[in-house]
Structure formats: C-alpha cells, structure tokens
Amino acid sequence: MDRGDTAEERVPADRAAFDSVVRYADGVTVETTDFSIGTVYGEGSGVVAGAPYVVFTVSIRNGSLTDLDLSAVVPTLQQGAVAGAPLYEGMDVADFSGVVAPGGTATARYAFQLPGEGSEAALYLDLDGVHAPAVFSGLLP
C-alpha cells in the first residue's frame, strides 16, 4: 500500500465495546479480554505512583488469506482527551511481534496508567497500514 493512502482506503471495521470483538471485512478480528485494575507503585518517566492502571489482553486472529505483520502494532488508551502512559516495568506485559499466518492467532498484554477519573475510556489499536485502527470504547470492565 502506498504511504499516501488515507485511513478511508484501509480495511474498515466498526467500533466495539471493551471485552468484545472488532471484525474486519477481510476476516481479521481483534478482541480484548482479561481486564484487571491496580495501583501504580513504580517510578519512572510519566509514571505517577498511586495512580490507577489497567492491564488487558488483546488477541488478533488472522482470518484473511495473507500473512499479517504485527511488528508495528501501536496501542493507545485514552480517557477524555488524555492518553494513558504505557507501563512496562514490573508488569506482566508483552507487545505484538512477528507475522501471523492465515488462520493463526497472536496475543499481547498491555498495561496503561489511567490518566483521568472514572472508567470510561477508548483503546485504539493500529495494526498496520492496511487495516483502519481497531477501536474499543466504553466503561472498562
């Protein structure tokens, strides 16, 4: 795909609620599960000790007819207009990587410091330059 393409030219998908499935027309699906909430105790750039955080699992199933390269997946969690800081140190998390063959599934775990009050949020998961970002929104489970 040419770098000049716009998001409208990517394979589209409808938004889904958290703990639900985003489905693409080419057979790729993205699902969020296993949510847990905790309190940040670590230190580091952008980390606020005592702030709440969320950890969750994302599964991508490649139901398309071609390989799916997950080496450039970018997750963003947002509460209102503020993005949550990703947490890695001391967390049981792992980014997506590699290529998933047709029929295969890949799983990753992400943790984000919650930047605001309440449990209303949106997760944007940009898979690649072919698919529009998967969007999950609503109350965090």
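**Aromatic pairs, positive phi values and an open sheet**

At 54% relative accessibility, D34 counts as exposed, because the cut-off for that class is over 50%. The model is predicted. D34 lies in strand β3 and has a positive phi of about 55° although it is not a glycine. Strand β3 spans residues 29-39 and also holds F35, a residue that takes part in two of the ring contacts described below.

**Aromatic pairs**

- The structure holds 5 aromatic pairs.
- One of them joins F18 and F35 in an edge-to-face arrangement, with 5.6 Å centre to centre and 80° between the planes.
- This pair links distant parts of the chain, since F18 sits in the loop between β1 (16-17) and β2 (21-23) while F35 belongs to strand β3, 17 residues apart.
- F18 is buried, with a relative accessible area of 7%.
- F35, at 17% relative accessibility, also counts as buried, because the limit for that class is under 20%.
- F35 and F56 form a stacked pair, because their ring centres are 5.4 Å apart and their planes stand at 25°, an angle that falls under the 30 degrees required for stacking.
- One aromatic cluster is formed by F18, F35, F56, F96, Y110 and F112.

**Positive phi values**

- Most residues other than glycine have a negative phi.
- D19 has a phi near 60°, a positive value in a residue other than glycine.
- D19 lies in the loop between β1 and β2, the loop that also contains F18.
- At 47% relative accessibility, D19 counts as partly exposed, whereas F18 is buried.
- D34, with its positive phi of about 55°, is placed in a strand, β3.

**Open sheet**

- Five strands make up an open sheet in the order β1-β11-β10-β6-β7, and the pairing is mixed.
- The edge strands are β1 and β7 (82-83), each of which pairs on one side only.
- Strand β6 (residues 74-79) is joined to β7 by 2 bridges, and these two strands run antiparallel.
- Q79 stands opposite V82 in β7.

Terms used
Residues numbered from 1 in each chain as written. Predicted model: local features only at pLDDT ≥ 70, side-chain atom pairs only at ≥ 80, totals over all residues. Heavy atoms only, no water. Phe/Tyr/Trp six-rings, centres within 6.5 Å; stacked < 30°, edge-to-face > 60°. Helix = DSSP H or I, 4+ residues; strand = E, 2+ residues; numbered from the N terminus. Buried < 20%, exposed > 50% of the residue type's maximum accessible area, 1.4 Å probe, protein only. Pairing = 2+ DSSP bridges.
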